[in-house]
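Hi,

Here is the model I promised to pass on.

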Amino acid sequence: MGAPSHLAFLLHMHQPLYVDPQSGCAEMPWVRLHAARAYLDVAHLLDQYPQVALTVNFVPSLLEQLDRLVAGELRDAWLELALQPTWNLAERQQLLTSFFSVHWGRHVETRPRYRELLDKRGRAARSEEVQARARDFTDGELRDLTVLFHLAWLGFAARSDDSHRKTVEALERKGRGYTVDDLHAVIAVGQTACARVLPLYRKLAERGQIELSSSPAFHPIIPLLVDSDVARRSRPEAQLPERFAWPEDARAQIAAGREAHARVFGAPPRGMWPPEGSVSPEALAAYRAEGIAWLATDEGNLWRSLEGIHARGELYRPWRVSVEGGGMDVVFRDRDLSDRIGFSYAFGEAQSAVDDLLGRVRQAGSIAEPVDGGPPLVSIILDGENPWEAYPGSGEPFLRALFTALSRDEGVRSTSVGGYLAAHPGRAPLSRIHSGSWIDSDFHIWIGDPVKNRAWDLLGRARKRFARAVGGAAAGDGSAVGTEQIAQARHH
């Protein structure tokens with residue numbers, strides 16, 4: 001039997017900054033709701049399986065909001081709406097539009113009252129239909145909607161908390177006829193869950209079980225910040241906006257991400273997941289200059305980086321990419337295996353899915369191209385919060401079966417990306433890196449159509465005005481903004 005396949009999971013936990021700088025309120029609730037489910041659920045299970053190692057990537061804009069949420073400094077517009085004693089017509093329409101934002105098959109169809117409310121609203125949810133039917137809903141029906149929505153967003157870890165289990169079970173049994181006190185009760189369960197998230201991940205990292213990695217502060221597409229014209233490398237025909245080239249902003253975002261991570265977790269990250277897996281030679285050089293030791297991206301960028309014919313087995317090893325100033329360690333995700341978890345396994349039996357996954361991991365390892373005797377490295381990288389909404393039990397049966405198998409399987413060994421790289425110094429040399437993201441190995445999602453190009457043009461104008469303001473401040477011409485305003489502008 002050959003060396004076991006080393007399986008490096010990277011779970012990418014990410015949310016943009018939802019906070020309106022004027023109101024100070026988060027416009028969307030996803031930090032709060034994902035913390036009450038996936039963020040806590042994954043850590044809760046990992047704590048029960050100390051032999052399972054992996055990498056968890058936290059975007060700093062998520063960390064900032066989660067910290068403020070736990071401290072009681074941040075509320076969101078959806079929560080404020082739910083807590084109102086009654087609602088006007090526009091607010092009723094908003095409730096009926098937003099508070100079915102769960103996986104219907106797992107969380108609406110399984111609750112008779114929730115299903116009844118959805119049927120009354122209509123499943124197509126066209127804005128004119130919602131507007132017409134909003135008047136038909138009583139305050140009691142809408143109160144039920146707010147409670148059921150928040151119950152649906154509680155993950156299995158929050159439900160198993162000894163201090164809240166009976167409360168959640170009683171609310172589920174009640175099913176309808178909820179009160180404002182019931183809403184406060186379920187929100188309190190979610191708030192407790194949010195407060196457990198970061199301390200538990202810190203605990204897992206401190207005992208060496210997981211590696212915590214990061215991303216640039218506000219999840220920008222770093223290659224496009226460095227030079228928006230890079231988009232033509234993968235799509236020469238692209239119609240692009242006026243060139244946006246601010247490499248210092250790219251480095252500042254990487255540095256800010258590194259520093260925010262260190263403040264929260266006590267040490268800077270060794271590696272980063274580039275936003276949307278976006279890479280370019282210039283971007284890699286910026287990461288390296290800011291002290292980042294490794295990056296991860298999609299396999300499509302590897303195939304476009306290699307010269308000539310390549311074998312599938314070349315995916316299953318780390319690479320050393322030549323960039324300005326030296327080199328950067330890069331691992332490439334197995335797209336098929338990652339997408340099976342993200343999109344397919346939710347609709348089958350948990351143990352069968354795990355058996356299929358690990359069988360494919362072993363097969364991948366068997367065709368790996370060895371580097372200096374290092375064992376095969378299979379990288380599975382996916383969103384850390386989104387897939388589990390579609391799984392039975394918010395993913396608990398699948399994750400528990402997976403972690404159990406990884407604790408016992410002699411043919412597959414779990415590892416973190418950084419842990420593998422530290423233990424196995426061999427790297428395959430890669431002379432060039434393709435410029436692209438994990439979506440079609442290009443940047444068309446973010447640039448190249450009229451609307452997006454207009455946004456880049458507006459951003460470019462704002463950036464030039466900012467540069468003039470900063471220049472005026474440095475020159476002391478009396479018309480410039482102050483240091484605090486500059487800092488606020490950089491943040492927002």
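Which helix gives the most to the lining of the largest cavity? H11 does, with 4 residues. Before the rest, some housekeeping: this is a predicted model, where local features need pLDDT of at least 70 and side-chain atom pairs count only at pLDDT 80 or more, while totals for chains, interfaces and linings use all residues. Residues are numbered from 1 along each chain as its sequence is written, and side-chain values use heavy atoms, with hydrogens and water left out.

Cavities first. On a 1 Å grid over the protein atoms alone, a cavity is a set of points where a 1.4 Å probe fits but cannot get out, and lining residues have an atom within 4 Å of a point. (Helices are DSSP runs of H or I with at least four residues, strands are runs of E with at least two, and both are numbered from the N terminus.) By class, the lining of the largest cavity has 6 nonpolar, 3 polar and 1 charged; here Ala, Val, Leu, Ile, Met, Phe, Trp, Tyr, Cys and Pro are nonpolar, Asp, Glu, Lys and Arg charged, and the others, Gly among them, polar.

H11 also packs against another helix. Helix H8 (residues 139-152) and helix H11 (residues 180-206) meet at an angle of about 15°, with their axes 9 Å apart; axes are lines fitted to C-alpha atoms, for helices over the stretch in contact, and angles run from 0 to 180 degrees between N-to-C directions. That makes H8 roughly parallel to H11 (under 35 degrees is roughly parallel, over 145 roughly antiparallel, 65 to 115 roughly perpendicular, and the rest oblique). Contact means heavy atoms within 4.5 Å, and here it is made by Arg143, Thr146, Val147, His150 and Leu151 of H8 and Val180, Asp182, Leu183, Val186 and Ile187 of H11. The crossing of H8 and H11 is left-handed, i.e. the near helix is turned anticlockwise from the far one by less than a right angle, with clockwise being right-handed.

On to H1. Its axis and that of helix H2 (residues 60-70) come within 10 Å and cross at roughly 95°, so H1 and H2 are roughly perpendicular to each other. Val31, Arg32, Ala35 and Tyr39 in H1 meet Leu62, Gln65, Leu66 and Leu69 in H2.

The axes of H1 and helix H19 (residues 396-408) also come within 10 Å, crossing at roughly 30°. H1 and H19 are therefore roughly parallel to each other, and their crossing is right-handed. Leu45, Leu46 and Gln48 in H1 meet Glu396, Leu399, Arg400 and Phe403 in H19.

Last, a pocket (an open set of grid points with protein on both sides within 12 Å along at least five of seven lines). Of its 14 lining residues, Asp339, Gly342, Phe343, Leu382 and Asp383 are the closest to its centre. Helix H17 (335-344) and strand S8 (377-383) each give two or more residues to this lining, and H17 has the largest share, 4 residues.

Cheers
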